[in-house]
Structures are given as structure tokens and as C-alpha cells.
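Let me put the structure up and we'll walk through it together.

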Amino acid sequence: MGGLMLSKLRAALGWVSRRRGRHTAAFVDEEPDTLAPCTVYVVGEDGHRWFAAFDCPCGCGETIKLSLIPGDRPGWRLRDHWDGTASLAPSVWRKVGCKSHFWLRKGKVEWC
Ligand SMILES: [Zn+2]
């Protein structure tokens, strides 16, 4: 019962965060065919995080995929916060396409 309440609260907080234009983390075991806006999909299984997938925040329509496997190079660390938002470190720098360079901090895109 307590777990259900907590997940409902987290879902509500995530909704509020996305309304405010913040990126929230969604934990899935398979990458969905279509990615919802302002959602960072964390793909993994059994407590392991393999990669993060989300729409490029510049609006170019490309999907950004980042390895979350420890020791991978390049590799990123993802933190999910109490309000459902996500942070990524280090910054994301696309070497192809739109060449976007930004930080994701507590769900907020900070352009470099
Ligand atoms: Zn882009």
C-alpha cells in the first residue's frame, strides 16, 4: 500500500515537473518506439542501467542515447531526484547533427 502511494506521488510530481519543462526520468527495461517529450528513458534491467534515451532538447528530432554503464567511455552518470527530475553528468555534446552542447541539471537544460 505504502509503495503504491509513493509511486502515485512520484507520478504526480513528475507530471508537474514536465509541465514546468523539466526532464523527468522514466525507468524502463526496453526503449519505447516513441519517446514522450521531456522524458529521459533509463533503459536497464535488474537494477542495472544500460543507457539513457531522450529527444534532443533543441527540437531537431534526433534521439540522444548515452551509455550509463560504469567504465564505458564515453559514459554518463544519471541521478534521479525526489521530484522525478533527472541530472546527467558530464555535459552532453553532440558531435554530429545539431551539435547541441548542454547540461541536464535537475531536469533543466542548461545550454553551453
Ligand atoms: Zn538537436
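So, to start: what arrangement do the four donor atoms make around the zinc ion? Before I answer, please keep in mind that this is a predicted model. The angles subtended by the donors run from 105 to 111°, and that is why we call the arrangement tetrahedral. And who are the donors? On the protein side they are the SG atoms of Cys56, Cys58, Cys60 and Cys98, sitting 2.2 to 2.3 Å from the zinc ion. If you like sequence patterns, the spacing of these donor residues reads C-x1-C-x1-C-x37-C.

There's another cysteine to look at, Cys38. Its phi is positive, about 55°, even though Cys38 isn't a glycine. You'll find Cys38 in the loop between β1 and β2.

While we're in that loop, look at Asp29, which also lies between β1 (24-28) and β2 (39-45).

Now, the prolines. Which peptide bonds are cis? One of them runs from Arg73 to Pro74, with omega near -5°. Pro74 is in the loop that connects β4 (63-67) with β5 (77-80). Ala89 and Pro90 are also joined by a cis peptide bond, with omega about -5°. Pro90, though, is in a strand, namely β6, residues 86-93.

Last topic, charge pairs. As a reminder, side chains of opposite charge can pair when their charged atoms come close. How many salt bridges does the structure hold? Five. One I'd like to show you is between Asp80 and Arg49, where the closest N and O atoms are 3.3 Å apart. This pair ties together distant parts of the chain: Asp80 belongs to strand β5 and Arg49 to strand β3 (residues 48-55), and the two are 31 residues apart.

That's my tour, so over to you for questions.

Key. Residues are numbered from 1 along each chain as its sequence is written. This is a predicted model: local features need pLDDT of at least 70, side-chain atom pairs count only at pLDDT 80 or more; totals for chains, interfaces and linings use all residues. Side-chain values use heavy atoms; hydrogens and water are left out. Helices (H or I, at least four residues) and strands (E, at least two) are DSSP runs, numbered from the N terminus. Donors are N, O and S atoms within 2.8 Å of the metal (3.2 Å for Na, K and Ca); water is not among the atoms, so sites may look incomplete. Four donors count as tetrahedral if all angles lie between 85 and 135 degrees; four count as square planar and six as octahedral if opposite donors are over 155 degrees apart and all others between 65 and 115; anything else is irregular. A salt bridge is a side-chain nitrogen of Lys or Arg within 4 Å of a carboxyl oxygen of Asp or Glu.
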